[in-house]
Every structure is written in C-alpha cells, then in structure tokens.
Amino acid sequence: MKKITALALALAMALSLTACGGGGSSTPSTSNPTPSSSGGGSTGGADLSNLSVTCVVPYDAGGGTDAVMRGLADAAKGSFKNISVENRSGAGGATGMLYGAQAANDGSIVTMITVELATLEAMGNNAGLTYTMFKPILMVNSAASAITVKADDDRFNSLEDFIEYSKSNKVQVGNSGIGAIWHLAAAGLAKTAGTEFNHVGYDGANGAITDLLGGHIDAVAVSYAEVNSFVQSGDLKVLAVMSNDRLEAIPDVPTCKECGYDCVLGTWRGLGVPASTPDEVVDELYRIFSEAADSDAFKEFMANTNNVIEIMDGDSFNTMIGEQLELYTGLVEDLGLKIG
C-alpha cells in the first residue's frame with residue numbers, strides 16, 4: 001500500500017478526530033470537555049445579553065463553513081441582543097480571520113476559525129495571520145475530504161480511474177483556496193499516488209463546486225457535506241473519502257485507504273476572538289455557544305446537512321492548533337508547497 005511519508009502519517013494520526021468525525025456517521029457526536037480557564041468555563045462569565053454579535057465567516061456564502069456558522073448562530077440567537085453572520089472572504093480565509101483577530105475584544109466580533117489558520121501559516125501565505133492572534137472559544141465541527149466529480153463523467157467511475165487518468169492527462173482539482181486544507185488534501189493524495197494535479201483555488205468551496213457543476217474543472221476535494229445536495233440530486237458523485245472509515249451517509253463509497261492510498265486528511269471548524277479578549281468574556285461565549293451546539297435544533301441541522309459535531313474546549317483547541325501548525329509545516333515542506 002502506498003504511503004505519503006512518515007510525517008504525513010503522523011499528521012493523519014493527529015487528525016484522527018477529523019477523519020473519524022468525518023467518516024463515522026452523519027449523526028452528530030458531541031463530547032463534554034472539562035471546563036478550562038480559557039473558553040471552557042461557565043463561572044464568572046460576563047453578561048453579554050445586551051451585546052450585538054457579528055460572526056465572521058472567512059469564506060463565501062454557501063460553503064460548509066458558512067453553513068455551520070449560520071446553523072450555530074441561529075441556535076444561539078436568544079443569548080444576545082442580536083446575532084448576525086458576515087462573510088469576509090479572500091486569500092484562502094486569511095482576510096476574514098485577520099479581520100476577526102484584529103477586531104474589538106469585547107465579544108462583539110466572533111470569528112469562525114478553520115484549519116487554514118494552521119495551513120496558511122505553514123504555507124507562508126498567511127498575510128501576517130498567526131494562530132496566536134486568537135483566543136479560541138471552542139471547536140465545533142470536523143470533516144474529511146471527499147474526491148468528487150460530475151456524475152456523468154464517464155472517465156471516472158472509481159478513484160483508481162481518476163488517479164490513472166491523472167498520470168497521463170492534466171486534471172484540474174478545485175479547492176477552497178491555495179494553502180487551504182482542501183488544497184493540501186488533494187496534494188497529499190497526489191503525493192501518495194505518485195501523480196500530480198493542477199490545483200485551482202477559490203475563496204471557499206462553493207465556487208469550486210459551481211465550476212465543477214459547469215464542467216470547468218474535473219474534480220473537487222472538499223467535504224461531503226458541501227457536495228451532499230448535488231450528490232443526492234444526481235449531478236455529482238463521490239469517488240472516495242479521505243477518512244479512516246466510510247461515511248454512513250454514503251456507505252458504498254470507499255475510503256482512499258481501501259483503494260490503496262493511505263491518505264487521511266480533513267478540516268475542523270471552531271470559534272475564536274482576539275487574543276486580548278478578557279477570560280470572563282471568553283468563558284461566557286463558551287457557555288453560550290457550547291449550549292447552542294448541544295441544542296436539539298443544531299444537532300438536527302448538522303445531521304440534515306451531513307456535518308459532524310465535534311466539541312473541544314478553548315485550551316485544548318489552542319493546543320491542537322499549535323501542534324497541527326508544526327505538523328502541517330512539515331507536510332508542506334515535504335510536498336514542496338512552501339510559498340514564503
């Protein structure tokens with residue numbers, strides 16, 4: 001079986017929460033983390049009931065990150081004076097996350113931080129953004145990459161078809177931004193398979209999926225949740241998923257590992273505020289959003305959209321991001337993708 005290198009395998013193990021979350025079931029799973037001093041406690045929190053909160057999504061509307069944030073914001077709407085979602089896309093997610101990191105530290109601006117917080121810095125195209133500019137509140141969601149093509153594309157009826165075709169033909173694989181996780185996922189698969197893809201970056205997965213539907217690119221390597229509706233409508237088909245286990249929603253679709261390519265890669269999503277935000281504000285935001293994530297309404301929304309709930313408290317989340325930055329830096333160097 002083909003391997004991506006020892007470093008990438010270590011990364012895959014570090015991402016087991018992502019891969020298993022993305023590959024286990026369409027039924028959301030939650031955990032109950034131990035309260036911590038940063039984004040994990042409910043005592044001594046500030047009163048935010050009269051606060052107007054804007055939730056920044058660093059990608060275009062319509063993608064998976066946007067959907068999860070809107071579902072969570074809707075579940076938390078009774079806890080603030082009002083809550084809204086604002087899309088600030090650009091630079092593979094760096095534009096919106098940088099805006100959120102430099103916003104007011106009173107809890108009025110909450111940013112959905114994603115795995116690109118680590119991958120962009122590892123790539124060197126982070127526009128000055130670093131994960132230490134945030135104080136994480138909690139992780140909410142994880143998902144594995146799914147190699148997806150047009151349903152009527154007779155060139156590709158299996159992952160092996162896709163890989164073999166790519167060895168003698170140029171294939172264009174869309175992603176949510178150069179240096180973003182779906183770019184690295186596709187690059188990791190290509191490295192494992194001993195081939196090359198032409199990577200096409202967009203500001204969020206929605207643009208890539210739109211171009212795939214229009215026949216302008218050959219495939220996307222985004223999460224299944226982001227292509228689910230088009231798979232169900234018969235417009236797209238998934239060749240394989242980059243998880244340890246098959247998805248319950250598409251049990252007939254194999255994992256890349258089953259196809260002989262040991263590549264397990266995916267994303268995570270959570271909430272963060274500027275690093276200077278007082279702990280009592282972060283604690284209250286943790287209480288509000290963790291309760292929202294545990295609500296029946298959010299669980300139903302996530303199940304219906306094939307998204308998996310994966311909760312991690314702020315301190316644990318912060319530690320994980322730092323560890324993944326180190327691992328992704330090694331993967332980027334191993335794949336020759338370093339920019340700056």
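Mentor: The following account begins with the basis of the values and then turns to the strands and the core.

The model is predicted, so local features need pLDDT of at least 70 and side-chain atom pairs count only at pLDDT 80 or more, while totals for chains, interfaces and linings use all residues. Residues are numbered from 1 along each chain as its sequence is written, and side-chain values use heavy atoms, with hydrogens and water left out.

Helices (H or I, at least four residues) and strands (E, at least two) are DSSP runs, numbered from the N terminus. Two strands pair if DSSP finds at least two bridges between them. Strand β7 (residues 172-175) is joined in the parallel sense to strand β8 (residues 198-201) by 4 bridges; within this pair, G174 has V200 of β8 as its bridge partner. From β7 the chain passes through α7 to β8, a β-α-β crossover that is right-handed, which means that, with the strands pointing away from the viewer, the path from the first strand over the helix to the second runs clockwise. β7 also pairs in the parallel sense with strand β9 (residues 219-220), over 2 bridges, and there V173 stands opposite A219.

Not counting residues up to four places away in sequence, F162 touches I147, V149, F156, V171, V173, F197, A219 and L239. F162, L189 and F289 are the residues that touch the most other members of the largest nonpolar core, which has 104 residues. Helix α7 (residues 181-193) gives the most to this core, with 9 residues. Such a core is a set of buried Ala, Val, Leu, Ile, Met, Phe, Trp, Tyr and Cys residues joined through side-chain atoms within 4.5 Å; buried means under 20% relative accessible area, exposed over 50% and partly exposed in between, with a 1.4 Å probe and protein chains only. In soluble globular proteins, nonpolar side chains tend to be buried together.

S243 is placed in the loop between β10 (236-241) and β11 (261-262), and S243 counts as buried because its relative accessibility is 0%. A polar atom of the S243 side chain lies 2.6 Å from the backbone oxygen of D245.

Conventions: Polar contact = N/O pair within 3.5 Å; in protein donor to acceptor, adjacent residues only side chain to side chain. Contact = heavy atoms within 4.5 Å.
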